[in-house]
Amino acid sequence: MSVSSPTTTTRIVLASRPQGAPTATDFRLEQAALPALAAGQVLLRNRYLSLDPYMRGRMDEGRSYAAPVALGEVMVGATVSEVLQSRADGLAAGDLVLASGGWQTHAVADAASISRHLQPQGLPPSLALGVHGMPGFTAYAGLHEIGKLQPGETLVVAAASGPVGATVAQLGKLQGARVVAIAGGQAKRAYLETLGVDVALDHRAGDFAAQLRAAVPDGIDVYFENVGGHVLDAVLPLLNDFARIPVCGTIATYNAHGVAQPGLDRLPPLFAQVLRQRLTVRGFIITDFNHLFAAFEPQMAQWLRDGRIQYREDVVKGLENAPEAFFGLLQGRNFGKLVVQLD
Ligand code: NDP
């Protein structure tokens, strides 16, 4: 490393595993020495850190589609990062990349872990963490591959001011569907109307279930599941035969660690409904569809440049503010794609 290269990183590690909702003591801010750069590695300065709902799952132990973060290890996270030094072919100082830089200011990373070179495309680089990256791609792949939405059908999606839901809603309109978009609170509901959806609803309204029923006179053909909880309760009686449910996320239950809550066992009637109405209910992890990314990326860039897809970012400044912003994400306090600006 040259004399001017940073030798330490400021980072946030997992200090303890949360019981229920995470708290400040589950994280620890610390300085750590950066390892020497080995062949095939790059030194990164992280400029933007993505905060995503899946990170709640990584704080828990247990079987999942990805390994938990170990105690004392830096929290995982996608970053838009600048290459400061490179000992890897194809990567040079000054390159802007999409990396798994984690909750820290700097990182030494294997070149193989770099997801994308970010070329200037007339779009803000932070969009690679949102609508033009993993969350936007999640909307695109889940809606096409599982939702199989047809023109004239009715699509319902919640968490619709966030990067997944807002993209689902707008793709639904581009495909000629009737779109009912749901978010928490009046400000978010008003924002959804600017996206051109047919009906925008606030799931916190006391008569939300009745409002949803009125909004779908022909029933629901595709429910893009982002949240679970009381929104799912309101959707289930309104589903049409042969409806499709891409199960993308169930954020209302993330703090419950997948453990059933006391109460009636609702599984038998749910399975009976799946059978009776021949529903397609399919969970997915976006990496299942990586083969479609090459088609998605230029298409979304074009839609963004044309203004056919809108987006909203919620930018928080400073690594030290990441935990509080993350708690807000799990409670709906974010308004748009949540990113932390690190420089
Ligand atoms: P968002 O930016 O939409 O943020 C999450 C939103 O969820 C909050 O803003 C809030 O919106 C809503 N929310 C939070 N807590 C609750 C709750 N208890 N009940 C109901 N709603 C709640 O996040 P993303 O767009 O990044 O992600 C949306 C969903 O997609 C998540 O479930 C996420 O896990 C999932 N996902 C799945 C992927 C996959 O591969 N399967 C990949 C990426 C995301 P509001 O205030 O409007 O209620």
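A residue is called buried when its relative accessible area is under 20%, exposed when it is over 50%, and partly exposed in between, with a 1.4 Å probe and protein chains only. The model is predicted, so to speak of local features a pLDDT of at least 70 is needed, side-chain atom pairs count only at pLDDT 80 or more, and totals for chains, interfaces and linings use all residues. Residues are numbered from 1 along each chain as its sequence is written, and side-chain values use heavy atoms, with hydrogens and water left out.

**Exercise 1.** Determine which residues of helix α9 are buried, and what they pack against.

*Solution.* Helices are DSSP runs of H or I with at least four residues, strands are runs of E with at least two, and both are numbered from the N terminus. In α9, the buried residues are Ala-322, Pro-323, Ala-325, Phe-326, Phe-327, Gly-328 and Leu-329. Because these make up seven of the eight residues of the helix (residues 322-329), α9 is largely enclosed by the rest of the structure. Next, look for contacts, meaning heavy atoms within 4.5 Å: the buried residues of α9 pack against β1, β2, α1 (54-58), β14 (313-317) and β15 (337-341).

**Exercise 2.** Describe how strand β1 is placed and paired.

*Solution.* Five of the seven residues of β1 (residues 8-14) are buried, so this strand is also largely enclosed by the rest of the structure. Strands pair if DSSP finds at least two bridges between them; here seven bridges join β1 to β2 (residues 27-33), and the two run antiparallel. As one example, Val-13 has Arg-28 of β2 as its bridge partner.
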